[in-house]
Amino acid sequence: MPDDTMERAFAKNVDSLPVVFEFVREAATGEHVDDDLTRSLQLAVEEIFVNMVKYHPESANDISIEIMRKAGRLVIRVRDHDVNSYDPTGRPPVDVTKPITDRKPGGLGVHFVRAVMDDVIYEYTDRTSTITLIKNLE
Amino acid sequence: MFEIELLKDSTVVASGRLDATQANKAEGVLDQLQGNSVIDCRKLDYISSAGIGVVLATYKRLSDKGYALRMVNASDHIRQVFRYAGLEQLLMG
């Protein structure tokens, strides 16, 4: 399978989500990616993107998203530039087995990312936070 | 695109994609629910944690007053997201 990479930058604002979704759809389209998987990928990217918008307002730089199809995997890298370090994947997991009456709204974003993707990696270098999402296709 | 409408019989019809940009819009309609209510998801294509949060807050508000909130006609994808969230009991039908 040939390697394909697409990368684009998006304004750091939740209003960017429609074009982010379209980018994910366009970049992910291909063998082994059906509509359901596309929606799941869009969900994972939304949760990471919105997390960066909400919790790292110290930088107004665009958030860049790179999507690469390589060796039977989709690798999505979401980069937040000139921000302080904070690993959202390091938060304690939400207890989704709690009775609904004990549940508080919020905290599900990273949980969804972990549920949808096969691997989630956080890196911080030169004031850039990078979250890498990996989905095995074969 | 996301649309949400409250019908006279306390049924809410949600269609399209309930993502973080639409959570406030959904909340504005769901906040109007006062009794036993139903959200018809037949045309709902997508929901993220922002949408789940609004639904959960509505469920708890109504539940505290002794009322029920059900979501019906959810697609496989919507059911899967609610399953991830541990909230599949909200789904019926």
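Q: By class, which residues make up the lining of the largest pocket?
A: Happy to start there. In this predicted model, the lining of the largest pocket divides into 17 nonpolar, 8 polar and 6 charged residues.

Q: How is empty space found in the first place?
A: The general idea is to roll a probe the size of a water molecule over the atoms, which shows where space is left empty. In this structure, the largest pocket holds about 590 Å³ of space.

Q: Which residues lie nearest the centre of the largest pocket?
A: Of the 31 residues that line the largest pocket, Gly107(A), Leu108(A), Gly109(A), Val110(A) and Ser49(B) are nearest its centre. As for elements, two or more lining residues each come from α2 (35-55) and α3 (109-116) of chain A, and from α2 (49-64) of chain B.

Q: Which element gives the most to that lining?
A: That would be α2(A), with 7 residues.

Q: How much space lies in the second largest pocket?
A: The second largest pocket has about 150 Å³. Its lining includes Ala20(B), Thr21(B), Gln22(B), Ala50(B), Gly53(B) and Val54(B).

Q: Where does the largest share of the lining of the second largest pocket come from?
A: From α1(B), which supplies 4 residues. Both α1 (23-30) and α2 of chain B contribute at least two residues to this lining.

Q: And what is its make-up by class?
A: Sorted the same way, the second largest pocket is lined by 4 nonpolar, 4 polar and 2 charged residues. Lys25(B) and Glu27(B) are among the residues of this lining.

Key
Residues numbered from 1 in each chain as written. Chains lettered and ligands numbered in written order. Predicted model: local features only at pLDDT ≥ 70, side-chain atom pairs only at ≥ 80, totals over all residues. Heavy atoms only, no water. 1 Å grid on protein atoms, 1.4 Å probe; cavity = no way out; pocket = protein on both sides within 12 Å on 5 of 7 lines; lining within 4 Å. Points joined across faces, edges and corners; volume = space filled by probe spheres on them. Nonpolar A, V, L, I, M, F, W, Y, C, P; charged D, E, K, R; others polar.
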